[in-house]
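Me: I am new to reading structures. Please walk me through one, feature by feature.

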Amino acid sequence: MAAPVLSHLDPDMVAILDDVRARLRSIFRADDKAFAFAVSGTGTSGMEAAVSNVTKPGSRALVVVTGYFGERLVQMLERYGASVSRVDVEWGRACDPSLVERALAREGADIVAMVHGETSTGVVNPAADICAIAARRGALTIVDAVTSLAAQPVEAARWGADVIYSCTQKGLGAPSGLAPIVFSDRARQARAAGGSALGRSFYLDLALLEDFWVRRKYHHTISAPLVYALREALVAIDEEGLEARWERHRLNHLAFAAGLEEMGLRLLPPPAERLWPLNTVVVPEGVEEAAVRRQLLQQYNIEIGAGLGPLAGRIWRIGLMGSGSTTANLSLLLTAIHALLPRPVHPLH
């Protein structure tokens, strides 16, 4: 990131952007017709780019809501004029695809949106199954892979997903500030056919962004240092191997869950529904969760997250992702938790 800053249309920068596009398409496991790039902004800008380019006033959207970021998808779709229906699932559980099947049979939808890795609950949703159901019903799909990309299998082409977005600071291991995203050929055709009814955002307009990334037309001044960082992170993933990276996250997640169990602690979701890079630990009875977070930061230089929404005060959200998902970090984390909690502990149910 300390390298000299290149202009957004400098020939050397253009070559870097082309390399980033190719590497992102590979990381998303998208096909050759998909358009992969990075939106200037955090993961929320990726969410808005996804929504704004496939939604028009009157669009019928079905949203799978399993936590805080599913709720955010609802709010964003409504802001862009969609008529939104919901499949509400208990926070801490994954969605049963049959619920989506029944909702679509009952109401139909133009768009089905879901969060693959729900950051607020530590749940991974069955995106492949939901995308397949939506495709059979003729609906476009939006998938939030903010916490799962490069840390848990994300397979855009195999799932048949139409738009998938993420962020740079989690599984990819780069600084925040860019939002990788991929649009399928079907989504691009739908956007082109929608004309002025779609793309109400100028800054996030897919056609204008494709003009910039592919045809070198000025749209905005992208941050050269953030692009350098993203490219370096993608190179590191290629060197490690994507499948090996998934396996590293899986094994460290399992080791963390086993270590917690030895201490009498548990994770919120059932084992089959757990997100590998983001672990939600149930706070034991009688423990002040904020005090533990404060002590972890002050005594061990470890920062963890609090619960959101109905899970506030009930869980800790602990990331083991990207370059931070290591056995050394895992060992320190378990040691610190063990030292700070009273013995014995009694998890809440």
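Predicted model: local features only at pLDDT ≥ 70, side-chain atom pairs only at ≥ 80, totals over all residues.

Me: How are two packed helices described?
Reply: By the angle between their axes and the distance between the axes. Helices (H or I, at least four residues) and strands (E, at least two) are DSSP runs, numbered from the N terminus. Axes are lines fitted to C-alpha atoms, for helices over the stretch in contact, and angles run from 0 to 180 degrees between N-to-C directions. Take helix α4 (residues 97-107) and helix α5 (residues 127-136): their axes are 9 Å apart, at an angle of about 15°.

Me: Which word describes how α4 lies to α5?
Reply: Angles under 35 degrees count as roughly parallel, over 145 as roughly antiparallel, 65 to 115 as roughly perpendicular and the rest as oblique. The angle therefore makes α4 roughly parallel to α5.

Me: Is the crossing of α4 and α5 left-handed or right-handed?
Reply: A crossing is left-handed if the near helix is turned anticlockwise from the far one by less than a right angle, and right-handed if clockwise. The crossing of α4 and α5 is right-handed.

Me: Which residues make the contact?
Reply: Contact means heavy atoms within 4.5 Å. From α4 come P97, V100, E101 and L104; from α5 come D129, I130, I133, A134 and R136. Residues are sorted by class: Ala, Val, Leu, Ile, Met, Phe, Trp, Tyr, Cys and Pro count as nonpolar, Asp, Glu, Lys and Arg as charged, and the others, Gly among them, as polar. The contact of α4 with α5 has 6 nonpolar, no polar and 3 charged residues.

Me: At what angle do α1 and α9 cross?
Reply: Helix α1 (residues 11-27) and helix α9 (residues 224-240) cross at roughly 45°, and their axes come within 10 Å. The pair is therefore oblique. The crossing of α1 and α9 is left-handed. On the α1 side, the contact includes M13, I16 and L17; on the α9 side, it includes A224, V227 and Y228. By class, the contact of α1 with α9 holds 13 nonpolar, no polar and 4 charged residues.

Me: Which residues meet between α10 and α12?
Reply: N252, A255, F256, G259 and L260 of α10 meet T327, L330, L333, L334 and I337 of α12. The classes are 7 nonpolar, 3 polar and no charged. Helix α10 (residues 242-262) and helix α12 (residues 327-340) have axes that come within 11 Å and cross at roughly 15°. The two are therefore roughly parallel. Their crossing is right-handed.

Me: Is V112 buried or exposed?
Reply: Buried means under 20% relative accessible area, exposed over 50%, partly exposed in between (1.4 Å probe, protein chains only). V112 has a relative accessible area of 0%, so V112 is buried. V112 sits in strand β4 (residues 111-115). Leaving aside neighbours within four places in sequence, V112 is in contact with residues including L62, L104, I130 and A134.

Me: Where is T121, and what does its side chain meet?
Reply: T121 is in the loop between β5 (117-118) and β6 (123-124). At 0% relative accessibility, T121 counts as buried. A polar contact is a pair of N or O atoms within 3.5 Å; within protein, one must be able to donate a hydrogen and the other to accept it, and residues adjacent in sequence count only if both atoms are side-chain atoms. A polar atom of the T121 side chain lies 3.4 Å from the backbone nitrogen of V123.

Me: Where does D205 lie?
Reply: D205 lies in the loop between α7 (185-194) and α8 (206-215). D205 counts as buried, at 8% relative accessibility. A polar atom of its side chain lies 3.1 Å from the backbone nitrogen of A207.

Me: What is phi of R29 and of N301?
Reply: Phi of R29 is near 55°, a positive value in a residue other than glycine. R29 is partly exposed, at 24% relative accessibility. Phi of N301 is near 60°, also positive in a residue other than glycine. N301 is exposed, at 67% relative accessibility.

Definitions and conventions
Residues numbered from 1 in each chain as written. Heavy atoms only, no water.
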